Amino acid sequence: MTLTNKTYLITGASGNVGRAIARTFSQVGANLALVDMNTDALNALISEIGGDSARFKPYTADLGNPEAVDMLLSQIESDFGKLDGLVHTVGGFAMGDPVHAGKLDVFDRMMTLNARIVYLLAGKVASFMISKGIKGSISIMLARSGGKGAKNQAAYTASKAAATRIMESMAQELKEHGIRVNGVSPSIIDTPQNRSSMPNSDPNNWVSPAQIGDLMVFLATNEAMTGANIEISAWS
């Protein structure tokens with residue numbers, strides 16, 4: 001698989017999953033617009049994957065702000081000349097209260113982080129690609145928990161369900177433009193944070209960030225697939 005001369009926007013690029021995705025995409029020749037709020041971490045990542053400032057560039061942006069996203073896409077176009085796809089990894093988890101408690105703070109935060117940003121960012125990337133006549137891909141990190149509610153997790157599970165519906169709707173809307181939209185729903189991911197919070201669990205049964213990176217490259221190069229929500233589990 002090769003993505004030589006293709007440019008991809010990767011969000012959350014300095015996170016555990018984002019770094020692994022960036023490494024994998026860099027290995028198959030892609031140019032990368034790496035977005036995060038931590039500039040130092042982005043620069044360290046660029047050094048790690050080869051330090052080629054022509055292929056890898058860091059950006060900071062408030063992905064929940066429409067004007068900031070417009071400026072980001074304009075800068076990427078100026079730097080790379082085009083954008084062939086998006087790999088979106090930004091999201092978050094928070095426990096909440098029972099729905100009958102009537103509190104909205106966690107609900108609003110989860111819906112903003114896990115659903116609104118997907119709707120805004122993926123929509124603007126798609127609009128940009130359509131305006132330039134670019135056929136490519138949009139891949140979104142989702143979650144298995146979006147398929148079913150859980151005690152004190154109504155806000156989180158609802159936000160992930162909403163993100164899944166956004167992905168599926170966009171896949172149908174963008175077929176005629178040659179833009180494929182897919183999601184990835186991993187089981188527990190092997191990160192330092194998860195190892196710390198679940199010390200009695202076996203991380204060999206978890207998904208590695210590198211496995212997610214491989215899957216994201218597959219979605220970027222597979223011209224036959226759209227509208228899929230792929231569940232990924234570790235081989236134990």
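Which residues on the other side of H3 are exposed? Before we get there, a word on the model: it is predicted, with local features needing pLDDT of at least 70, side-chain atom pairs counting only at pLDDT 80 or more, and totals for chains, interfaces and linings using all residues. Residues are numbered from 1 along each chain as its sequence is written, and side-chain values use heavy atoms, leaving out hydrogens and water.

Let's start with helix H3, residues 66-80; helices (H or I, at least four residues) and strands (E, at least two) are DSSP runs, numbered from the N terminus. Ala68, Val69, Leu72, Leu73, Ile76 and Phe80 of H3 are buried, meaning under 20% relative accessible area with a 1.4 Å probe and protein chains only, where exposed is over 50% and partly exposed lies in between. Seen down the axis, these buried residues fall within an arc of 135° (taken from the directions from the helix axis to the C-beta atoms), so they line one face of the helix. And the exposed residues on the other side are Glu67, Met71 and Ser78.

What does the buried face pack against? Its partners are strands S1 (7-11), S2 (31-35) and S3 (56-59), plus helix H4 (105-131), with contact meaning heavy atoms within 4.5 Å.

Now follow S2, where five of five residues are buried. Asn31, Ala33 and Val35 lie on one side, Leu32 and Leu34 on the other. S2 runs parallel to S1, joined by five bridges, and parallel to S3, joined by four; strands pair if DSSP finds at least two bridges between them. Thr11 stands opposite Val35, and Leu32 opposite Phe56.

Notes: The expected span of a helix is 1.5 Å times one less than its number of residues.
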